[in-house]
Amino acid sequence: MIVITGASGQLGRLVIDRLLQKIPASGIVAAVRSPEKVADLAAKGVHVRQADYSQPSTLDGAFAGAKKILLISSSEVGQRAAQHQSVIDAAKRAGVELLAYTSVLHADTSLLGLAEDHRQTEVALAASGVPGVLLRNGWYHENYTAGIAGDLAHGAHFGSAGDGRISSAARADYADAAVAVLTSSDDQAGRVYELAGDASYSLTEFAAEVSRQTGKPVVYTDLPEAAYKAALLQAGLPAFVAELLANSDAAAAQGALFDEGHQLSKLIGRPTTPLAVSVAAALKS
Ligand SMILES: NC(=O)c1ccc[n+]([C@@H]2O[C@H](COP(=O)([O-])OP(=O)(O)OC[C@H]3O[C@@H](n4cnc5c(N)ncnc54)[C@H](OP(=O)(O)O)[C@@H]3O)[C@@H](O)[C@H]2O)c1
């Protein structure tokens, strides 16, 4: 039995879709805090169990009989270290053979503010004695392609990443990596994967790609971190999201999102999705 937490999220759904191509639905548990969100998965024969990271009492039932667990990191930044500790404790009680955790690229040295929760979780996993594998995911292409409509409206992509190069990959690439690890016949315990796209680009190059595909001018406009944060606040983003995005871009300017190890393509056995493909997909949707 393989349990996927956060299965109602965008990455979790992709993982389950791909897992269903490899193992029967009866061997998969979608562990979610709101089971009604994944009625479609239940209809396919996937076991759906309630699991709220903030309610440890839900986790033992969710993990009963689990051989492997994919802990997809919570989206509740700031609460994640405690939430993930609860998941690790429950995985230990369940006696799982493997817990795979979606961390962040170069978590141990990362300049990203959001890496702190991941570092704490990695330490907690190591201390727990639960056999663990770290999927240190880089940025998703979709973090940028989701904003293309706004970029086109402004004729500009705003950011604070300077000339920093970004080795992102499609969310689906990271889903394939998780499935490769969960279904591998090799012992994965103790491994650390630094996962990132094969090619890197600057935000100037991203804006140029959007222009190329749409025929409309989009220029990258670099702002100081504080000014970018202020612009995000003015655009209506919640304060903590504005802080996080501006901080991440500033870290990207210093190389925090760059990697050239090609571990993701090696793990999934194919090149990672080019940025241009994800831009085209976003423009079609
Ligand atoms: N690498 C990157 O570029 C990048 C970008 C964004 C996020 N991330 C991280 O990667 C994770 C997966 O990405 P994603 O795109 O799938 O994010 P997402 O679509 O926002 O999904 C987040 C998932 O976490 C679940 N969750 C949040 N709080 C929970 C709780 N207290 N108990 C149980 N489940 C909870 C959500 O459940 P509900 O459906 O009930 O809300 C959802 O299933 C994110 O959560 C975040 O940690 C990475």
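**Ligand surroundings and helix packing in the predicted model**

Among the 23 residues around the ligand, those that come nearest are Ser 8, Leu 11, Tyr 53, Ser 73 and Asn 143; a residue counts as near a molecule or strand if one of its heavy atoms lies within 4 Å of it. The model is predicted, with local features needing pLDDT of at least 70 and side-chain atom pairs counting only at pLDDT 80 or more, while totals for chains, interfaces and linings use all residues. Residues are numbered from 1 along each chain as its sequence is written, and side-chain values use heavy atoms, with hydrogens and water left out.

A polar backbone atom of Gly 9 is 2.9 Å from an oxygen atom of the ligand. On the nitrogen side, a polar side-chain atom of Asp 52 lies 3.0 Å from a ligand nitrogen atom, and a polar backbone atom of Tyr 53 is 2.8 Å from a nitrogen atom of the ligand.

Turning to the helices, helix 1 (residues 10–19) and helix 8 (residues 171–182) have axes that come within 8 Å and cross at roughly 55°. This angle makes helix 1 oblique to helix 8. Here helices (H or I, at least four residues) and strands (E, at least two) are DSSP runs, numbered from the N terminus. Axes are lines fitted to C-alpha atoms, for helices over the stretch in contact, and angles run from 0 to 180 degrees between N-to-C directions; under 35 degrees is roughly parallel, over 145 roughly antiparallel, 65 to 115 roughly perpendicular and the rest oblique. In contact terms (heavy atoms within 4.5 Å), Gln 10, Leu 11, Leu 14, Val 15, Arg 18 and Leu 19 of helix 1 meet Arg 171, Ala 172, Tyr 174, Ala 175, Asp 176, Ala 178 and Val 179 of helix 8. By class, this contact has 9 nonpolar, 1 polar and 3 charged residues, where Ala, Val, Leu, Ile, Met, Phe, Trp, Tyr, Cys and Pro count as nonpolar, Asp, Glu, Lys and Arg as charged, and the others, Gly among them, as polar.

Helix 9 (residues 203–214) packs with helix 13 (residues 275–284) at an angle of about 55°, their axes 10 Å apart, which makes helix 9 oblique to helix 13. This crossing is right-handed. Phe 206, Glu 209, Val 210, Arg 212, Gln 213 and Thr 214 of helix 9 make the contact with Leu 275, Ala 276, Val 279, Ala 280 and Leu 283 of helix 13, a set that divides into 7 nonpolar, 2 polar and 2 charged residues.

Technical notes: A crossing is left-handed if the near helix is turned anticlockwise from the far one by less than a right angle, and right-handed if clockwise. A polar contact is a pair of N or O atoms within 3.5 Å; within protein, one must be able to donate a hydrogen and the other to accept it, and residues adjacent in sequence count only if both atoms are side-chain atoms.
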